[in-house]
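This report is meant to be read beside the sequence and the coordinates. Please keep both in view while following the description.

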Amino acid sequence: MPTQPRPLERYLRLIVITDRGLSDPRAVTDVVAQALHAGAPAVQLREKAQPPREILPLAHRLRADTRRAGALFFVNDRLDLALAVGADGVHLGPDDLPVGAARAIAPPGFLIGYSADMADAAHAAVRDGADYIGCGTVYATHTKANAGEVTGIEGLRKVVRAVDVPVVGIGGVTPARAPAVVAAGAVGCAAIGAIMAATDPGRAVAGFLRAAQRGARRR
């Protein structure tokens, strides 16, 4: 965890999810550096195509960069990789290691997020030890090939009502859409393309953070 911990909800106002294809020709580390400089409170390393051995150096680098910035660092899917680099947590999905199994071997204070677009799946994940839920796809997106059906704002609200942990909206979320996501009860948003493909990632991050404040006032 960062040296000056804040409530988890504050870190989850925005999770920047990496994608080397969208950041190209810029390095993922360069885009993340701009996001952190603009105040991004959390970063998730997402590498679906690369084996863990090849991802390890990047994971170590992002762990170091997020620690210096006082931001949380998550690894998508791979609990082993997250533990190996001292990440703050892992984000799991339905095809990954079950939440209960991950919780059984994770150290104290280690955070586990879980992707769920239905209230019952979210509730089960929290029962098994999830610290937060990533809910989506809220809006249509082409970033994730397996994103599933669009849940919409109403689907997001149902998940928020079903659990007593923070919920983050993901899928097609932009700074312009973020206020509606937060107004529906989510504590924040997770973004891939809106930041990794942005001409000015820092400006995009600032836009998301301002939008989260506006959405909170609309609740």
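The structure is a predicted model, in which local features need pLDDT of at least 70 and side-chain atom pairs count only at pLDDT 80 or more, while totals for chains, interfaces and linings use all residues. Residues are numbered from 1 along each chain as its sequence is written, and side-chain values use heavy atoms, with hydrogens and water left out.

**Overall fold**

The protein contains 11 helices and 8 strands, where helices (H or I, at least four residues) and strands (E, at least two) are DSSP runs numbered from the N terminus. Its radius of gyration, taken over C-alpha atoms, is 16 Å, close to the 17 Å that the globule rule (2.2 Å times the number of residues to the power 0.38) gives for 219 residues, so the protein is as compact as a globular protein of that length. Along the principal axes, the C-alpha atoms fill a box of roughly 40 × 40 × 35 Å.

The 8 strands close into a barrel with parallel pairing, in the order β1-β2-β3-β4-β5-β6-β7-β8, and the twist from one strand to the next averages 25°; two strands pair if DSSP finds at least two bridges between them.

**Helix packing**

Two packed helices are described by the angle between their axes and the distance between the axes. Here the axes are lines fitted to C-alpha atoms, for helices over the stretch in contact, and angles run from 0 to 180 degrees between N-to-C directions.

| Helix pair | Axes come within | Crossing angle |
|---|---|---|
| α7 (residues 119–127) and α8 (residues 152–162) | 8 Å | roughly 30° |
| α3 (residues 28–37) and α4 (residues 52–69) | 11 Å | roughly 15° |

Helices α7 and α8 are therefore roughly parallel to each other, a term for angles under 35 degrees. Their contact (heavy atoms within 4.5 Å) is made by Ala119, Ala122 and His123 of α7 and by Lys158, Val159 and Ala162 of α8. By class, this contact of α7 with α8 has 4 nonpolar, 1 polar and 1 charged residues, with Ala, Val, Leu, Ile, Met, Phe, Trp, Tyr, Cys and Pro counted as nonpolar, Asp, Glu, Lys and Arg as charged, and the others, Gly among them, as polar.

Helices α3 and α4 are therefore roughly parallel to each other as well. Val28, Thr29, Val32 and Leu36 in α3 meet Leu58, Arg61, Leu62, Asp65, Thr66 and Ala69 in α4, and by class this contact has 6 nonpolar, 2 polar and 2 charged residues.

**Backbone details**

Most residues other than glycine have a negative phi, and most peptide bonds are trans. The bond from aspartate 24 to proline 25 is cis, with omega near 10°, and proline 25 lies in the loop between α2 (20–23) and α3. The peptide bond from glycine 136 to threonine 137 is also cis, with omega near 25°; threonine 137 belongs to the loop between β6 (132–135) and α8. Aspartate 77, although not a glycine, has a positive phi of about 75°, and its place is in the loop between β3 (72–76) and α5 (79–84).

Methods: Angles under 35 degrees count as roughly parallel, over 145 as roughly antiparallel, 65 to 115 as roughly perpendicular and the rest as oblique.
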